[in-house]
Amino acid sequence: MPKFVVVGHPNKGKSSLVATLAQNDQIGISALSGTTVKATHYAMQASGSLCYELVDTPGFQRAEALLAILREQADDAARRAEAITSWLAQSGDDFPDERALLAPVMDEDAALIYVVDGAKPYRSHYEAEMEILRWTGRPRLAIINPINGNRYAEQWRSALDQYFSLVVDFDPLQASFEQQLALLRNFATLKQSWQQPLAHAIDALQQQREDKVSAALNQLQSGLEELLNFRLSSPVGQQDEAAKQKLFTDYQHALLQHERALRERLQASLSHYHYQQPDEQMLLDSSELFDPKQWQLWGLPRKQLTWLAAGSGGAAGAMVDLGLSAGTFMLGAVVGSVASAGSVWLWGDKLAKVSNNNKQQQLTIGPVKNLAFSWVLLARQLYLIDSLLGRNHARRDVPNLEQLAQAQQQTRARLEALGQKEKLQISLWLQGRKVPGNQQKTLQILKTLLVYR
């Protein structure tokens with residue numbers, strides 16, 4: 001199995017590269033130097049296959065001093081690799097970082113990946129590191145990482161070309177999935193015996209990505225069905241307005257918790273366990289999910305929703321499933337409403353009814369059958385899936401509100417671009433209409449909305 005040992009000076013993006021290629025957002029990454037203090041192995045598995053192994057290592061600390069010691073032990077090129085192996089076998093607590101990074105490099109089946117920062121100028125003291133790596137005799141490739149730009153990339157390339165068989169530019173934080181695969185193809189050139197295993201690894205990674213998309217869409221489908229069919233009941237007196245208001249507030253909070261749980265499942269489906277959502281606070285204070293003004297940002301235009309409401313069974317009946325009776329009461333526009341034809345935009349006016357059960361009055365709220373609200377929920381989850389598919393596992397930043405607004409516009413534009421037939425199919429599914437084959441067709445339509453290839 002191919003093994004890639006990632007080495008270099010501290011704080012050049014070694015752990016970021018490992019996190020991206022291992023698709024593991026649990027790897028420690030910090031702007032502080034010396035975060036990695038020992039060699040850590042990560043086996044990359046995809047679609048049931050063991051693809052390759054990555055080794056994250058500490059950075060060089062005393063390369064010049066170590067090179068001087070090694071030169072005393074090897075008087076010709078034939079003995080250089082042996083000198084490193086002999087030095088590693090000696091006991092001692094000197095050079096702990098160099099020992100930790102060179103030990104896995106000297107494994108017989110290892111290749112080394114040397115990472116530098118293209119935004120920092122090349123300095124001659126890096127030559128000691130590169131010379132030691134050349135002494136190992138292992139296949140080696142250098143990566144120029146544009147941490148804060150690539151101003152000195154060509155300067156670095158001139159030096160690196162003298163020590164490494166291949167030099168490539170690669171940004172672990174921003175590289176697309178295709179760029180990651182291209183880097184693996186470059187790795188395959190380091191050792192002829194690795195070409196076939198890495199070709200299989202690339203196929204497995206592509207299949208795994210498709211499988212993750214399918215898993216996320218299945219989670220989306222089941223999660224939205226749970227949300228849109230949720231109802232909450234409580235014994236309450238018909239004139240107890242305070243209890244009714246509390247139940248409505250509890251209902252809102254429960255829907256928010258259901259959505260948060262769905263988003264966590266979507267993150268797990270795509271192996272993003274530590275992603276911090278930019279609108280997390282907005283979810284908690286109910287300022288977005290239940291605000292009809294926000295619906296216009298996330299969902300479809302009002303005119304299209306009105307047409308879809310009529311086309312899927314009549315606006316009043318399909319959009320707000322009231323089940324009105326003599327016990328129905330008005331909660332009022334607690335979170336606001338927008339007047340429009342067919343009650344498409346109603347949210348808070350008519351959600352609850354009082355029913356009698358063995359002489360005990362029961363207040364029941366839900367399920368929500370508002371088409372605008374349903375499309376907003378769908379759009380928010382599609383945005384999350386799309387964001388995670390385009391996000392490398394090395395990133396630890398939180399998207400800002402400007403990025404969120406741009407994503408809203410892009411998501412809405414894709415939804416609007418769907419044909420009327422596709423929109424109607426999605427609307428039928430969102431309303432729980434049982435149409436043969438519609439559920440699978442809906443998943444296929446949703447998959448076309450994602451930009452992940």
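Q: How many bridges join β2 to strand β3?
A: This model is predicted, and its residues are numbered from 1 along each chain as the sequence is written. Strands are DSSP runs of E with at least two residues, and helices are runs of H or I with at least four, numbered from the N terminus. β2 and β3 (residues 49-56) run antiparallel, and the number of bridges joining them is 7.

Q: How are α2 and α3 oriented to each other?
A: For helix α2 (residues 63-73) and helix α3 (residues 80-89), the axes come within 9 Å and cross at roughly 115 degrees. Angles under 35 degrees count as roughly parallel, over 145 as roughly antiparallel, 65 to 115 as roughly perpendicular and the rest as oblique. The two helices, α2 and α3, are therefore roughly perpendicular.

Q: Is T442 buried or exposed?
A: Local features need pLDDT of at least 70, side-chain atom pairs count only at pLDDT 80 or more, and totals for chains, interfaces and linings use all residues, while side-chain values use heavy atoms, leaving out hydrogens and water. T442 is found in helix α17 (residues 438-448). Buried means under 20% relative accessible area, exposed over 50%, and partly exposed in between (1.4 Å probe, protein chains only). Because its relative accessibility is 0%, T442 counts as buried.

Notes:
Pairing = 2+ DSSP bridges. Axes fitted to C-alpha atoms, helices over the stretch in contact; angles between N-to-C directions.
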